[in-house]
Amino acid sequence: MLRYNEKIDCVPWDFRLVDVLQCRSSITMATETITRPESLSIPKWSQVPETKHDLDWADLVTLDLGKFDTPGGKEELAAQLFDAVNRIGFFYITNFGLTQDEVDRQFSLCKQVFDLPADEKIKYRADLENGGYNGYKPLGTREVKPGIRDNTEIYNIPKFTAQYEREHPAVVKQHWDEIQHFAKYIHFEIVRKLLVLFAIVLELPEDFFLKNHRYEGKSDCHFRYMKYHRRTPKENTQLDNVWVKGHTDFGSLTLLFRQPVAALQVRTPEGEWKYVKPYPESITVNIADALQFLTNGFLKSSIHRVIAPPPDQAHIDRHGVLYFVRPEDDTELVPIKSPVLERLGYDKALDQATVGLTAGEWVRARVAKNVSRQGKEEESIIKGVKAKYYD
Ligand SMILES: O=C(O)CCC(=O)C(=O)O
Ligand SMILES: [Fe+2]
């Protein structure tokens with residue numbers, strides 16, 4: 001088992017995306033130019049209009065990732081992040097280096113995947129019952145209330161490495177190079193920067209978190225297409241408008257590409273639900289359980305939920321493009337040593353419950369419990385460690 005504080009020999013993370021992309025011979029391996037794969041034709045995705053309703057939006061920080069490589073940029077972003085994350089583990093990023101056209105093409109592919117016939121999609125079903133999340137999660141696998149089943153379809157694509165190879169529908173295979181480029185760009189360019197910023201926040205060496213988030217390592221990081229099927233007014237009433245109960249995510253970070261249907265809400269420390277605003281050309285990032293365990297609660301695994309959209313968006317199926325970041329499976333989820341945690345007293349209240357618990361065990365146990373869960377408030381996940389769910 002690997003502990004965070006141990007010195008480990010690892011593949012350095014500061015190699016560029018171009019060094020690992022092997023999807024096109026046109027990629028210039030010797031330079032840092034990232035040549036994008038040729039795009040095949042995809043139906044154009046047009047984003048639906050934003051809601052006209054005046055919603056109670058959360059006040060979240062926006063990090064301009066374009067500053068990352070400028071002099072003093074990382075430190076400025078880390079200072080911004082410090083203020084944001086200790087209170088509420090949600091923030092936006094902009095200027096992350098992917099064009100709106102590239103993002104829209106992923107939304108279009110997302111739609112095409114879910115438009116496939118049910119008997120085709122089911123061939124790629126994820127092994128959910130055993131904590132496997134790669135592949136297809138069909139609509140309605142879970143009963144959210146007696147007689148009402150969940151309204152999500154999910155297609156998770158794991159890391160593009162030999163150990164995670166699996167079958168995919170033809171539409172995914174046809175666009176494989178483009179999807180691969182997109183997902184790896186997220187991991188090597190966006191996630192890398194965020195993990196460096198978290199290390200700076202904690203006054204640790206910049207590569208601290210990179211060592212346990214290696215792309216070649218074993219972890220359930222995945223790229224996700226998601227679709228929430230619209231519900232009838234009757235169903236929404238029966239559910240008090242809650243589509244996905246308040247929860248935390250399981251890994252390190254979750255990235256949600258901007259989509260305009262207002263339905264995601266974050267719970268403030270005061271216990272209020274606020275809408276997360278779909279800012280144009282942004283990604284919403286939230287901190288998840290593993291980073292909370294590793295920092296003894298300093299980084300907050302934010303509680304969020306998905307509710308029925310406002311009336312002017314109620315007729316729309318909500319498509320999503322997301323990336324889930326998870327630490328390598330053998331990472332023990334015990335608090336790391338950091339001058340910041342010591343100064344702020346986060347080294348004191350060590351909860352022994354996660355000693356011996358690894359990130360891989362935690363993630364798989366949470367996925368498996370999620371399939372069988374039936375609206376309980378608190379669920380014992382594994383080794384006595386619990387997860388809470390909020391209305
Ligand atoms: O679809 C969203 O906006 C949030 C999704 C979410 O919370 C999740 O999949 O864990
Ligand atoms: Fe979530």
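**Ground rules.** I number residues from 1 along each chain as its sequence is written, and chains are lettered from A and ligands numbered from 1 in the order in which they are written. Since the model is predicted, local features need pLDDT of at least 70 and side-chain atom pairs count only at pLDDT 80 or more, while totals for chains, interfaces and linings use all residues.

**Confidence.** I looked up pLDDT (the predictor's confidence in each residue, from 0 to 100). The chain mean is 87, and 87% of its residues reach 70 or more. Residues 1-33 stay under 50. Where pLDDT is low, the predicted coordinates should not be read in detail.

I take helices (H or I, at least four residues) and strands (E, at least two) as DSSP runs, numbered from the N terminus; two strands pair if DSSP finds at least two bridges between them. I find an open sheet of eight strands, order 1-2-12-9-14-7-6-3, with mixed pairing. Strand 1 (62-64) and strand 3 (135-137) are its edge strands, each pairing on one side only. Strand 9 (residues 253-257) and strand 14 (residues 318-325) run antiparallel, joined by four bridges. Across that pairing, Leu 255 sits opposite Tyr 323.

**Helix 2 against helix 6.** Axes here are lines fitted to C-alpha atoms, for helices over the stretch in contact, and angles run from 0 to 180 degrees between N-to-C directions. Helix 2 and helix 6 pack at about 75 degrees, axes 9 Å apart. They are therefore roughly perpendicular to each other (65 to 115 degrees). For contacts (C-beta atoms, placed from the backbone, within 7 Å), I noted Leu 77 and Phe 82 of helix 2 and Val 196 and Ile 200 of helix 6 among them. The contact residues split into eight nonpolar, no polar and two charged.

**Ligand 1.** Which residues surround ligand 1? I list Met 226, Asp 249, Leu 256, Leu 264, His 304, Val 306 and Gly 320, by the rule that a C-beta atom, placed from the backbone, lies within 6 Å. This shell has four nonpolar, two polar and one charged, with Ala, Val, Leu, Ile, Met, Phe, Trp, Tyr, Cys and Pro counted as nonpolar, Asp, Glu, Lys and Arg as charged, and the others, Gly among them, as polar.

Conventions
Two residues are in contact if their C-beta atoms, placed from the backbone, lie within 7 Å. Angles under 35 degrees count as roughly parallel, over 145 as roughly antiparallel, 65 to 115 as roughly perpendicular and the rest as oblique.
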